[in-house]
Amino acid sequence: MEISILEEFVSLVETSSFQETAFKMNISQSSLTKHIQKLESELGVSLFDRSARMIKTNEYSKTLYPYAKNIIEISQDALAALQDVSDDRKNQFAVAYAPVLGQYGLIDLITEFSKLHPDKNMHTIETYQPLALLKTKKCDFAFLGEGEAVDYNFNKMVYKTDHLAVVLPMDHKYAKSQNVTLEELKDENFILHASVTSIPHEETRKFLELCEKKSFTPNVVAESQFTSTMVRYVHGGRGIAVLNRLHIPSDALRNCAVVDIYPTVRSYIYLLYGRKVSCPAATEFLHFMIEKISQ
């Protein structure tokens, strides 16, 4: 059994979705299907009950799942141990982060660390799946939104705190307000943040949950994966956009107004890293981040 195929199997059990697992593992759905079929052929059993739209685990997949996870963890530990004894790894480490986190000052911090420590070999990876890289030990640190930062196998600290706000046209009646309630916005057309997976975007999920609590169904006229597109919609009069305050591009403030949603709906960006830091250079970066976060 190949470790990579076992990783795909574990993800498929956890997501029950070929589409989401293929995205997480950065492969095509057809390749994923072939890999699972290969595993089933090796084992001589069918691991999933399949229907037209979804898959379900059966007694074979439920039995294999904990062993597969254990095999993957042992493999990762073995690779980490080998890396620990390699002189080439002493000053080399990797940091992964989601593209949206560029709005949270992360790029500036990474650049500052590089300038302060030019002898430290830091590799940065912009990816939609930073947690997957951390789990497979392809990076040492991962910056994540709170919806993803739920793996208890890693150390975790809060990097940034944010809250929901609305982006409004300059001539909107609430454009000069400090905050605004959902009740005041109930007749608006909304532009929400789309997700790249089947899981709703964190901002959108929190907004919709708040709407549900207020017995309010928003009229969603547009969704986009890109904040710049959302802001352009607002400027063009398409509707109002719901985003985390720090996620709003600074150039949007020239053409639009930003008003906080009341009551405050907070969110958090986390830094995750392994129980054991891989090398002296990674330890230096961790100390640097702790100092910056505590300021």
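**Close-up views of a predicted model**

**View 1. Ser 16 is partly exposed, with a relative accessible area of 32%.** Buried stands for under 20% relative accessible area, exposed for over 50%, and partly exposed for the range in between (1.4 Å probe, protein chains only). The model is predicted: local features need pLDDT of at least 70 and side-chain atom pairs count only at pLDDT 80 or more, while totals for chains, interfaces and linings use all residues. Residues are numbered from 1 along each chain as its sequence is written, and side-chain values use heavy atoms, with hydrogens and water left out. Ser 16 sits in the loop between helix 1 and helix 2. Helices (H or I, at least four residues) and strands (E, at least two) are DSSP runs, numbered from the N terminus. The phi of Ser 16 is near 55°, a positive value in a residue other than glycine.

View 2. At the start of helix 2, a side-chain oxygen of Ser 17 comes to within 3.4 Å of the backbone nitrogen of Gln 19. Just after helix 2, Asn 26 adopts a positive phi of about 60°.

View 3. Contact requires heavy atoms within 4.5 Å.

**View 4. Helix 2 packs with helix 3 at an angle of about 100°.** Their axes are 9 Å apart. Helix 2 is therefore roughly perpendicular to helix 3. Helix 2 contributes Phe 18, Gln 19, Thr 21 and Ala 22 to the contact; helix 3 contributes Gln 29, Leu 32, Thr 33 and Ile 36. These residues divide into 4 nonpolar, 4 polar and no charged. Axes are lines fitted to C-alpha atoms, for helices over the stretch in contact, and angles run from 0 to 180 degrees between N-to-C directions. Under 35 degrees is roughly parallel, over 145 roughly antiparallel, 65 to 115 roughly perpendicular, and the rest oblique. Nonpolar covers Ala, Val, Leu, Ile, Met, Phe, Trp, Tyr, Cys and Pro; charged covers Asp, Glu, Lys and Arg; the others, Gly among them, are polar.

**View 5. Cys 139 is in no disulfide.** The structure holds 0 disulfides (pairs of cysteine sulfur atoms within 2.5 Å). For Cys 139, the nearest cysteine sulfur is that of Cys 279, 13 Å away. Cys 139 counts as buried at 5% relative accessibility. Cys 211 counts as buried at 1%.

**View 6. Met 170 lies in the loop between strand 6 (155–169) and strand 7 (179–181).** Met 170 counts as partly exposed at 46% relative accessibility. Met 170 and Leu 253 are 83 residues apart along the chain, with 9.5 Å between their C-alpha atoms. Leaving aside neighbours within four places in sequence, Met 170 touches Ala 175, Leu 253, Arg 254, Asn 255, Cys 256 and Ala 257.

**View 7. Ser 224 in strand 9 (residues 219–224).** Ser 224 is buried, with a relative accessible area of 7%. Beyond its neighbours within four places in sequence, Ser 224 is in contact with Leu 192, His 193, Ala 194, Thr 229 and Met 230.

**View 8. A cis peptide bond joins Tyr 262 to Pro 263.** Its omega is near 0°. Pro 263 belongs to the loop between strand 11 (256–262) and strand 12 (266–273).

Note on methods
Polar contact = N/O pair within 3.5 Å; in protein donor to acceptor, adjacent residues only side chain to side chain.
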